[in-house]
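Please read it with the model open.

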Amino acid sequence: VEFVTEEGLSLDMAQPETMTAIEVDGPTHYLKSKWKQGIKNGRTKLKSRILRQLGWTVLHVPYFEWDTLIDASDQDTYLDSKIKSRMQ
């Protein structure tokens with residue numbers, strides 16, 4: 001469920017009480033490169049930087065990682081791992 005911050009920033013998923021956001025980064029969030037996958041574009045980097053300065057914890061889910069997950073169980077495990085690693 002999309003959430004919009006008081007500052008007008010749109011988040012894919014958010015828990016405002018803890019200021020935690022999950023951003024699902026599709027192909028448009030990355031530079032196109034023949035040599036290296038996963039280089040975030042300037043817009044994505046700026047949005048993340050602004051959110052961090054506002055006190056948000058942002059978890060990114062890159063499409064090229066998510067697309068390799070076979071079923072809901074794999075997706076749950078992936079998200080649990082992301083959340084636990086970020087919260088430590």
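The points below cover the aromatic pairs, then the glycine.

1. The model is predicted. The ring-centre rule gives five aromatic pairs.

2. Y63 and F64. The ring centres of Y63 and F64 lie 5.3 Å apart, and their planes meet at 80 degrees, so this pair is edge-to-face. The cut-off for that label is over 60 degrees. Y63 has a relative accessible area of 25%, which makes Y63 partly exposed. F64 is partly exposed too, at 21% relative accessibility.

3. W66 and Y78. This aromatic pair is also edge-to-face, with 6.0 Å from centre to centre and 75 degrees between the planes. W66 belongs to helix α2 (residues 63-66) and Y78 to helix α3 (residues 72-87), so the pair ties together parts twelve residues apart in sequence. Y78 is buried, with a relative accessible area of 14%. The cut-off for buried is under 20%.

4. Cluster. Y30, Y63 and F64 make up one aromatic cluster.

5. G38. Where does G38 sit? G38 is in the loop between β4 (20-25) and α1 (42-53). G38 is partly exposed, at 33% relative accessibility. Setting aside neighbours within four places in sequence, G38 is in contact with Y30 and F64. Y30 and F64 both belong to the aromatic cluster in point 4. The C-alpha atoms of G38 and P27 are 9.1 Å apart, and these two residues are separated by eleven residues along the chain.

Notes:
Residues numbered from 1 in each chain as written. Predicted model: local features only at pLDDT ≥ 70, side-chain atom pairs only at ≥ 80, totals over all residues. Heavy atoms only, no water. Phe/Tyr/Trp six-rings, centres within 6.5 Å; stacked < 30°, edge-to-face > 60°. Buried < 20%, exposed > 50% of the residue type's maximum accessible area, 1.4 Å probe, protein only. Helix = DSSP H or I, 4+ residues; strand = E, 2+ residues; numbered from the N terminus. Contact = heavy atoms within 4.5 Å.
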